[in-house]
Amino acid sequence: MILVTGVTGQLGFATINELNKHVPSNGIAALARSQNDKTNDLSDRGIDIRFGSYNDYESLVSAFQGIDKLLFISSGEAFADFTLHENVIKAAQTANVKQVIYTSTQRSTAIDESCLSEDLHGWTEYALKKSGLNYVILRNSPYMESIPQILGQGVLESGYHAPVGEGKISFATRTDMALATANVLCSQGHDFKTYDLGGIESVSFGEIIDEISKVTGKDIPFSSPETDDYIKSLTSDSFPEAAIQALVGFANQVNSGYFDNPSNDLASLIGRNPVSVSEFLKQTFAD
Ligand SMILES: NC(=O)c1ccc[n+]([C@@H]2O[C@H](COP(=O)([O-])OP(=O)(O)OC[C@H]3O[C@@H](n4cnc5c(N)ncnc54)[C@H](OP(=O)(O)O)[C@@H]3O)[C@@H](O)[C@H]2O)c1
């Protein structure tokens, strides 16, 4: 039995739908915190919905009974409280889950064991490796579908201005990652492997803006201001402090090349080239 967590979210729901094309419903279970349209849809197809939360260890031990493979989708809430992820790993051990597949994040630097308390994904990968469980780590790149949101609503008029420099990102679509993840779940030979699920090439935001200019026929500006000037502009646009910190942190990571990890792993797992940024921008911005 394969259990997919995070099925009320975008990656989890896309993955379980892909998985269900290869594995019959009676071989699939789904973990959710509450009932909604997505869980009703899965339940109508005969998928076993098990209710539980990463915040509630006992609920996880109960939900993981009889599970061979567990797709452990990271929770954004765990950045503030790593015990959410610790609960999932401990419950998988207690319930004798045979393999845990964890959705981590791409990184250009090795995990630094002295900084684990500031590195949720590094901490979780480390904890999984120490747990004795059979694991697979999927290091997901930033979602290509997030590009319009990153650029902001006014991008076609005002352009994109953030201190990202010439830093590149090996974006891939969530859809391609879901396909690769489903393929890992329904095939063998992945024990103790780490895959980089990103594009086969990386692109900078300058290149992204050039491509959107080409697609739309508009002359869209791009600049990489100093971080202090960026913060001032976000402050004058009334962004909340937490959002400013997140945007600055992301821009700094991009600038440092943190997300510049082109890889063939995703292409190998899905049996074709992943959707490229250029294709995505044409589909998204062409009228
Ligand atoms: N690679 C990227 O660019 C990127 C970007 C953003 C996030 N992420 C990470 O990738 C994960 C999946 O992405 P997504 O787009 O599918 O996110 P999403 O749509 O926000 O889905 C997150 C899923 O995780 C569930 N979840 C969150 N906290 C939980 C908890 N404490 N216990 C049980 N379930 C919990 C949510 O359940 P509810 O519906 O009950 O909230 C939801 O089903 C995110 O959770 C985040 O960690 C990656």
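Leaving aside neighbours within four places in sequence, which residues is L179 in contact with? Keep that question for the third stop. The model on screen is predicted.

**Whole chain**

Start with everything shown as a cartoon. The secondary structure comes to 13 helices and 11 strands. The radius of gyration is 20 Å, close to the 19 Å that the globule rule gives for 287 residues, so the chain is as compact as a globular protein of that length.

The chain exposes about 13300 Å². Carbon and sulfur atoms supply 47% of that area. Of the 287 residues, 51% count as buried. Look also at how the contacts run along the sequence. Take those between residues at least 6 apart: 76% of them join residues at least 24 apart.

Colour the charges next. There are 20 positive and 36 negative ones. Their mean positions lie 7 Å apart.

**Stop 1: helix α4**

Select residues 83-94. This is helix α4, with 12 residues. From first C-alpha to last it reaches 16 Å, close to the 16 Å expected at 1.5 Å a residue.

Show the side chains of L84, H85, N87, V88, I89, A91 and A92. These are the buried residues of α4. An α-helix has 3.6 residues a turn, so residues three or four places apart point the same way. What lies over the buried residues of α4? The cover includes helices α3 (57-63) and α5 (120-131), along with strands β4 (69-73) and β5 (99-105).

Zoom in on A91, which lies in α4. Its relative accessible area is 0%, so A91 is buried. Leaving aside neighbours within four places in sequence, A91 is in contact with Y57, L60, V61 and F64. Q65 and A91 are 26 residues apart along the chain, and their C-alpha atoms are separated by 9.5 Å.

Then follow the chain out of the helix to N96. This residue comes after α4 and has a positive phi, near 55°.

**Stop 2**

Select S104 in strand β5. Is S104 buried or exposed? S104 is buried, at a relative accessible area of 4%. Not counting residues up to four places away in sequence, S104 touches H121, E125, I137, L138, R139 and N140.

Move on to P142. It sits in the loop between β6 (134-140) and α6 (147-151). Despite the loop setting, P142 counts as buried, at 13% relative accessibility. Show I169, F171, A172, M177 and F259: P142 is in contact with these residues, leaving aside its neighbours within four places in sequence. Draw a C-alpha distance from P142 to Q106. The two are 36 residues apart in sequence and 7.9 Å apart in space.

**Stop 3: L179**

Select helix α8, residues 174-185, and find L179 within it. Its relative accessibility is 19%. The cut-off for buried is under 20%, so L179 counts as buried.

Here is the reply to the opening question. L179 is in contact with E18, I270 and R272, leaving aside its neighbours within four places in sequence. L179 and A251 are 72 residues apart in sequence and 28 Å apart in space, C-alpha to C-alpha.

**Stop 4**

Select F192, in the loop between α8 and β9 (194-197). Phi of F192 is near 60°, a positive value in a residue other than glycine. F192 is partly exposed, with a relative accessible area of 48%.

Go to S238, in the loop between α10 (227-236) and α11. S238 is not a glycine, yet its phi is positive, about 65°. At 60% relative accessibility, S238 counts as exposed.

Finish at N264. Where is N264 placed? It lies in the loop between α11 (241-255) and α12 (265-270). N264 is exposed, with a relative accessible area of 54%. N264 and G199 are 65 residues apart along the chain, and 7.5 Å separates their C-alpha atoms.

Note on methods:
Residues are numbered from 1 along each chain as its sequence is written. This is a predicted model: local features need pLDDT of at least 70, side-chain atom pairs count only at pLDDT 80 or more; totals for chains, interfaces and linings use all residues. Side-chain values use heavy atoms; hydrogens and water are left out. Helices (H or I, at least four residues) and strands (E, at least two) are DSSP runs, numbered from the N terminus. The radius of gyration is taken over C-alpha atoms; the globule rule is 2.2 Å times the number of residues to the power 0.38. Buried means under 20% relative accessible area, exposed over 50%, partly exposed in between (1.4 Å probe, protein chains only). Contact means heavy atoms within 4.5 Å. Accessible areas come from the Shrake-Rupley method with a 1.4 Å probe; for residues, only the protein chains shown count as cover. Lys and Arg count as positive and Asp and Glu as negative; His and the chain ends are not counted. The place of a charge is taken as NZ of Lys, CZ of Arg, CG of Asp or CD of Glu. The expected span of a helix is 1.5 Å times one less than its number of residues.
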